[in-house]
Amino acid sequence: MQVPAPFEYERATSVDHAIALMERLGDEARVVAGGHSLIPMMKLRLAMPEYLIDINDLTEELQYIRFTEDEVRIGALTRHQQLLESDELAAVFPIFRDAEKVIADPVVRNRGTLGGSLCQADPSEDLSAVCDALNASCVIRNTGGDRVVEMHDFHRGPYETAVIEGEMLTEVRIPIRPNSSSAYHKVERRAGDWAVASAGAAVTMDGSVIADGRVGLCAVGPNLTNVQPISDALRGQAPSEELYATVGQIAADNANPATDTRGTAAYKTHLAKELTVRSLRKAVERATGQA
Amino acid sequence: MEISMNINGDDVTMEAEPRTLLVHFLRDHLGLTGTHWGCDTSNCGTCVVWVDEEPVKSCTHLAAMAGGHRVKTVEGLETADGLDPVQEGFIQCHGLQCGYCTPGMMMTARALLDKDPDPSEEVIREAISGQICRCTGYSTIIRSIQWAASKERETAVSLEGSPA
């Protein structure tokens with residue numbers, strides 16, 4: 001029987017309350033939202049917090065998908081299921097629905113949250129690549145107020161983020177740009193499994209050329225939520241199969257996967273290339289009204 | 001700590017450690033052994049119960065987190081009118097052999113039919129995709145859920161058509 005080590009449980013009544021608790025309890029305190037990363041880690045005793053601060057009651061403050069003219073703001077406690085079901089979100093950022101369809105399974109998606117996924121920062125976790133491809137930024141709150149960190153600086157490496165002691169992620173902001181679209185492709189062994197490899201792409205078109213493109217990779221090595229050399233290669237180029245092949249190769253060159261039960265390093269490198277090509281092609285088709 | 005919740009319509013208060021998982025709270029503290037404890041890693045889905053009408057994997061949910069909420073387990077499916085159509089469907093269509101996955105399958109099926117009274121086979125397959133059955137090959141489970149859906153639709157039609 002897997003049971004977490006003993007801890008004390010506190011239920012936060014507001015974000016400020018949660019932050020005050022973390023400030024007081026220090027680095028032995030952890031926030032729990034959906035719990036579908038943290039509780040398994042606690043059951044395996046990989047995580048042994050002394051205090052658990054439950055933020056699930058904070059739906060008014062932390063659970064929303066709001067649209068402004070040039071930005072979407074998503075509360076950290078927004079669940080996978082809500083991200084999957086939002087037609088408005090899918091219309092602007094189809095990459096979210098592409099990814100959410102293949103994140104875990106429907107019952108897990110009822111609990112898991114956007115904030116939890118990003119803060120877990122598992123290199124195989126999908127939403128970090130999705131958010132970085134979309135050039136998102138993260139709002140982190142502490143007792144002094146809010147600070148905003150770009151997704152690329154938020155994700156510091158495997159299981160490491162910019163959130164420090166006494167802070168919590170409260171919101172993800174994603175810029176809405178005209179003539180843009182996005183897509184996500186993942187290969188998994190079976191429904192609900194972690195990715196063997198996956199790739200997400202977002203593009204902004206300027207007439208017939210790509211003004212801006214970003215690609216994030218999952219499960220093929222650390223710090224690949226945005227592959228900057230791909231963005232450099234895409235800028236100002238007209239989309240073509242040759243261009244996709246070129247950036248697919250850049251993805252493969254930057255991938256650094258390990259051979260494990262999900263596949264060999266060679267296979268995952270091949271997937272990084274192929275899934276980059278497919279995601280980019282799909283994103284461009286969508287942005288130019290061909291899909 | 002003292003944990004209070006409403007389970008299958010009854011208010012319950014029980015002393016338990018904060019680290020107690022909902023599946024063990026239900027089975028060991030309350031004797032509600034209809035909810036099964038399976039893989040312990042949120043993969044198999046036999047421990048699915050509802051928290052506020054939403055299916056969750058109770059091996060990955062603290063009992064403390066369910067405090068103040070409504071929980072429904074497989075024991076709560078049957079009503080004074082008899083078995084839930086989903087339970088009947090599993091009997092009629094041989095939706096189980098060993099029965100290990102059955103409580104979780106039925107809780108997810110009930111939640112699905114409450115949202116979508118006429119789901120396609122694809123929708124049913126997706127709904128139970130986080131749950132594992134090692135006996136039936138899923139076909140009879142899907143048929144059981146379809147049987148329940150069709151029975152409920154017939155009942156709804158006949159109620160509509162009955163004289164006021």
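Colleague: How much space lies in the largest cavity?
Modeller: In this predicted model, local features need pLDDT of at least 70 and side-chain atom pairs count only at pLDDT 80 or more, while totals for chains, interfaces and linings use all residues. Residues are numbered from 1 along each chain as its sequence is written, chains are lettered from A and ligands numbered from 1 in the order in which they are written, and side-chain values use heavy atoms, leaving out hydrogens and water. A cavity is a set of points on a 1 Å grid over the protein atoms alone where a 1.4 Å probe fits but cannot get out; points are joined across faces, edges and corners, and a volume is the space filled by probe spheres set on them. The structure holds one cavity of 30 Å³ or more, and the space in the largest cavity is about 70 Å³.

Colleague: Which elements give two or more residues to the lining of the largest cavity?
Modeller: A lining residue has an atom within 4 Å of a point. There are 14 of them here, and the closest to the centre are A:Pro123, A:His155, A:Leu217, A:Gly221 and A:Thr225. Helices (H or I, at least four residues) and strands (E, at least two) are DSSP runs numbered from the N terminus, and the elements that supply two or more lining residues are H9 and S13 of chain A.

Colleague: Let's look at helix H9 of chain A. How many of its residues are buried?
Modeller: Buried means under 20% relative accessible area with a 1.4 Å probe and protein chains only, against over 50% for exposed and partly exposed in between. H9(A) covers residues 126-133 and is mostly covered. Among its buried residues are A:Leu127, A:Val130 and A:Cys131, and also A:Asp126 and A:Asp132. The count of buried residues in H9(A) is eight of eight.

Colleague: Which residue caps the N-terminal end of H9(A)?
Modeller: Look for a side-chain oxygen 2.5 Å from the backbone nitrogen of A:Leu127.

Colleague: Is A:Ala219 buried or exposed?
Modeller: A:Ala219 lies in the loop between strand S13 (209-218) and helix H11 (228-234) of chain A. Its phi is near 70°, a positive value in a residue other than glycine. Because its relative accessibility is 13%, A:Ala219 counts as buried.

Colleague: S13(A) belongs to an open sheet. Which strands stand at its edges?
Modeller: Strands pair if DSSP finds at least two bridges between them. Three strands with antiparallel pairing form this sheet, in the order S11-S12-S13, and S11(A) is joined to strand S12 (residues 195-206) by nine bridges, with A:Ser182 opposite A:Ala202. One side of each edge strand is left without a neighbour in the sheet because each has a single partner strand; these are S11 (180-188) and S13 of chain A.

Colleague: Now chain B: what is the average twist from one strand to the next in its five-stranded open sheet?
Modeller: The order is S2-S1-S5-S3-S4, with mixed pairing. The edge strands, S2 (10-15) and S4, each pair on one side only. Angles run from 0 to 180 degrees between the N-to-C directions of lines fitted to C-alpha atoms, for helices over the stretch in contact. From one strand to the next, the twist averages 40°.

Colleague: Finally, which element gives the most to the lining of the second largest pocket?
Modeller: A pocket is an open set of points with protein on both sides within 12 Å along at least five of seven lines, and this one has a volume of about 650 Å³. Its 22 lining residues come closest to the centre at A:Gln81, A:Pro106, B:Leu112, B:Lys115 and B:Ala127. Elements of both chains each supply at least two lining residues, including helix H4 (80-85) of chain A and strand S4 (54-57) of chain B. With five residues, the element that gives the most is H3(B).

Key. Polar contact = N/O pair within 3.5 Å; in protein donor to acceptor, adjacent residues only side chain to side chain.
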